[in-house]
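Work through these exercises with the structure open beside you. Try each task before you read its solution.

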Amino acid sequence: IDWIMNSIDRQIIEQDNIREKYFHDLIIKNDNIKSDLLSILNLPDDLTNLNLIHEDRYINGITADFTFVYNNQIRAIIECKAGDIGVTDYVRGIGQVLQYEYFNEQNISSKGIQYSNPFNSILLVPSSAFNNTNFNIGKFKYPKSTYIVEINDSNKVARRISQEELKTLS
């Protein structure tokens, strides 16, 4: 019976990896999403100044989904969570963005790139993640620098979920 469970676990993990890979690819390939992120971060809509480093490795074996470098400074570090996530994965994401805030505070950079001021960590999720959950995102504590950004599954528009929306949900 152990081998059956291990096989099922492997299959679920593989499906999750495929979903997250699709989400990463969407962000890499869609310039409108990148422009939306620039707007959310109050940056000029100039993609020529953007370097999106995918799967950037930091200390302690932590890999950020994206390091968002604008004008040769780290403006944000992004953690992506694919749709159909449970509360454990969501809380893991919050823990990861907390570490990204620490990296900024301690000026820890994988490639020696300086951080900008202001800096934000971003928890980036598709709208389906909120539609299919059994938990309330308004009832979590988030790091001070964190923006929660939703990408609409239908029109692929990224938007920041405001503090007021979080309060309304809680």
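## Exercise 1: Aromatic rings

Ring pairs link Y58, Y100, Y102 and F103 into a cluster. This is a predicted model.

**Task.** Find how many aromatic pairs the structure holds. Then classify the pair Y58 and F103 from its ring geometry.

**Solution.** 
Step 1. The count is six aromatic pairs.
Step 2. A pair of rings is described by the distance of the centres and the angle of the planes.
Step 3. For Y58 and F103, the centres are 4.9 Å apart and the planes stand at 10°. Planes under 30 degrees apart count as stacked. The pair Y58 and F103 is therefore stacked.
Step 4. Now place the two residues. Y58 belongs to the loop between β1 (50-57) and β2 (63-70), and F103 to helix α3 (residues 87-105). The pair thus ties together parts that are 45 residues apart in sequence.
Step 5. Check the burial. Both Y58 and F103 are buried.

## Exercise 2: A second pair

**Task.** Classify the pair Y90 and F140. Is Y90 buried or exposed?

**Solution.** 
Step 1. The ring centres of Y90 and F140 are 5.4 Å apart, with the planes at 50°. Stacked needs under 30 degrees and edge-to-face over 60. So the pair Y90 and F140 is tilted.
Step 2. This pair links distant parts of the chain, 50 residues apart. Y90 is in helix α3, while F140 is in the loop between α4 (127-131) and β5 (146-151).
Step 3. Y90 has a relative accessible area of 0%, so Y90 is buried. F140 has 23% relative accessibility, so F140 counts as partly exposed.

## Exercise 3: The sheet

**Task.** What is the strand order of the open sheet? Which strands are at its edges?

**Solution.** 
Step 1. The open sheet has six strands, in the order β1-β2-β3-β4-β5-β6, and the pairing is mixed.
Step 2. β1 and β6 (158-161) are the edge strands, since each pairs on one side only.
Step 3. On average, neighbouring strands of this sheet are turned by 30° against each other, direction ignored.
Step 4. Go through some of the pairings. β2 and β3 run antiparallel, joined by five bridges. Here V69 has I74 in β3 as its bridge partner.
Step 5. Strand β3 (residues 73-80) and β4 run parallel, with six bridges between them. I74 stands opposite Y115 in β4.
Step 6. β4 and β5 also pair in the parallel sense, over six bridges. L124 has V149 in β5 as its bridge partner.

## Exercise 4: Two charged residues

**Task.** Where does K81 lie? Over which ring does the charged end of R160 sit?

**Solution.** 
Step 1. K81 lies in the loop between β3 and α3.
Step 2. The relative accessible area of K81 is 7%, so K81 is buried.
Step 3. Beyond four places away in sequence, K81 touches several residues, including E20, F23, D89 and L124.
Step 4. The charged end of R160 sits over the ring of Y147, 3.6 Å from the ring centre.

Conventions: Residues numbered from 1 in each chain as written. Predicted model: local features only at pLDDT ≥ 70, side-chain atom pairs only at ≥ 80, totals over all residues. Heavy atoms only, no water. Phe/Tyr/Trp six-rings, centres within 6.5 Å; stacked < 30°, edge-to-face > 60°. Helix = DSSP H or I, 4+ residues; strand = E, 2+ residues; numbered from the N terminus. Buried < 20%, exposed > 50% of the residue type's maximum accessible area, 1.4 Å probe, protein only. Lys NZ or Arg CZ within 6 Å of the ring centre and 35° of its normal. Pairing = 2+ DSSP bridges. Axes fitted to C-alpha atoms, helices over the stretch in contact; angles between N-to-C directions. Contact = heavy atoms within 4.5 Å.
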